[in-house]
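This report is intended for a reader who meets the structure for the first time. Please keep the sequence and the 3D view at hand while reading.

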Amino acid sequence: MASTIRVRATLSGETTEVQALIQHPMDSGFVKDAKGEIIPPHFIQQLTFEYDGKSVFVADWGGGVSKDPYVKFSFKGGKKGDDLKISWVDNKGATDTTTAKIQ
Amino acid sequence: MTITDNGFSATRRLILQGAATVVLVGLGNLPFSLAPAFAAANDKYPEEAFKQKNEADAIKLLYGKTAEASDKVKLDAPEIAENGAVVPVSVSTTLADVTSISFLVSENPNALVASYKLPSGTVPTVANRIKMAKTSNVIVIVEAGGKLYSATKEVKVTVGGCGG
């Protein structure tokens with residue numbers, strides 16, 4: 001299966017800018033479907049970005065984050081060609097992991 | 001014979017009692033050993049904070065202190081969001097030693113939307129997209145040098161992001 005995570009990490013000067021787009025329904029558990037039944041909560045709880053064995057950014061999410069979530073941040077110390085590891089875990093225990101090269 | 005029997009059962013009882021005590025002590029210690037771990041472990045998902053209905057309770061559970069408004073926290077959100085399901089918000093700050101940034105929406109069923117941990121070396125700027133049930137204040141909390149700073153902006157929502 002193709003990865004649910006799309007990442008672009010670009011180095012400019014000293015900082016690496018990271019943009020991530022993840023495919024996930026992010027159901028909050030407050031929305032009803034067409035039949036009037038509540039769609040059970042299903043959202044990513046934690047998203048972690050690791051560089052060089054250390055986490056550079058950790059996102060704790062609730063059901064209030066939009067569907068197919070997007071996040072952007074920057075960190076110092078990245079090098080071109082190095083790997084950035086991204087992983088998430090949702091409230092049902094599902095996970096996905098990918099690595100991206102810093103460009 | 002009967003005496004030896006009693007002797008046996010007495011020993012057995014002692015052993016069982018001992019085992020029971022160990023179990024009880026073990027269970028009794030568990031909450032104490034978990035509590036500091038919970039407080040210290042920054043990477044644990046703050047489940048309870050995400051369940052809070054109002055922002056003050058969520059902030060208290062997440063950080064254990066209150067925030068003061070600061071003009072050094074710059075919250076960028078639209079005046080009017082046509083679609084409450086996708087509201088782009090971002091924050092940046094000139095504060096030093098930022099360790100955490102959180103987004104809250106007052107009128108959402110659960111106020112806390114997202115909480116980010118920033119290790120040293122990570123730039124204190126975050127952009128993301130959030131859902132808003134209706135017109136509400138968006139609050140951003142920045143933890144810097146152990147203190148909390150906040151910025152608030154009202155976003156008008158024409159179509160809510162929580163169905164209905």
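## The nonpolar core

In this predicted model, the largest nonpolar core comprises 59 residues. Phe57(A), Ile130(B) and Val140(B) are the members with the most contacts inside this core. Strand β8 of chain B, residues 136-144, provides the largest share of the core, namely 6 residues. In soluble globular proteins, nonpolar side chains tend to be buried together.

Phe57(A) deserves a separate look. Leaving aside residues up to four places away in sequence, Phe57(A) touches Phe49(A), Phe73(A) and Phe75(A) in chain A.

## The contact between chains A and B

How many residues of chain A are in contact with chain B? There are 30 residues of chain A in contact with 30 residues of chain B. On the side of chain A that touches chain B, at least two residues come from each of β3 (44-51), β4 (54-61) and β5 (70-76) of chain A. The largest share of that side, 8 residues, is supplied by β4(A). By residue type, the side of chain A that touches chain B divides into 13 nonpolar, 11 polar and 6 charged residues.

Strand pairing also links the two chains: β4(A) pairs with strand β6 of chain B, residues 112-117, in the antiparallel sense over 4 bridges. Asp60(A) stands opposite Ser115(B), a residue in β6(B).

## The make-up of chain B

The secondary structure of chain B consists of 3 helices and 9 strands. Read from the N terminus on, the order of elements is α-α-α-β-β-β-β-β-β-β-β-β. Chain B has 164 residues, of which 35% count as buried. Among the contacts in chain B with a separation of 6 or more, 65% are between residues 24 or more positions apart.

## Helix α3 of chain B

Which residues of helix α3 of chain B are buried? In this helix, residues 55-63, they are Glu55(B), Ala58(B), Ile59(B) and Leu62(B). Seen down the axis of α3(B), these buried residues fall within an arc of 95°, so they line one face of the helix. An α-helix has 3.6 residues a turn, so residues three or four places apart point the same way.

The cover over the buried residues of α3(B) includes α2 (47-51), β5 (98-105), β6 and β8 of chain B. After α3(B) comes Gly64(B), with a positive phi near 70°.

## Lys72 of chain B

Lys72(B) lies in the loop between β1 (68-69) and β2 (73-76) of chain B. Is Lys72(B) buried, exposed or partly exposed? Lys72(B) is partly exposed, because 13 other C-beta atoms lie within 10 Å, and a residue counts as exposed at 12 or fewer and as buried at 20 or more.

Not counting residues up to four places away in sequence, Lys72(B) touches Thr93(B), Thr94(B), Leu95(B) and Tyr149(B). Val155(B) is 83 residues from Lys72(B) in sequence, and the two are 20 Å apart in space, C-alpha to C-alpha.

## A hairpin in chain A

Strands β6 (residues 83-90) and β7 (residues 95-101) of chain A pair in the antiparallel sense over 7 bridges. Trp88(A) has Asp96(A) in β7(A) as its bridge partner. The hairpin of β6(A) and β7(A) has 4 residues between the strands. In this hairpin, Gly93(A) takes a positive phi near 90°.

How values were computed. Residues numbered from 1 in each chain as written. Chains lettered and ligands numbered in written order. Predicted model: local features only at pLDDT ≥ 70, side-chain atom pairs only at ≥ 80, totals over all residues. Contact = placed C-beta atoms within 7 Å. Nonpolar A, V, L, I, M, F, W, Y, C, P; charged D, E, K, R; others polar. Pairing = 2+ DSSP bridges. Core = buried A, V, L, I, M, F, W, Y, C linked by C-beta atoms within 7 Å. Arc of directions from axis to C-beta.
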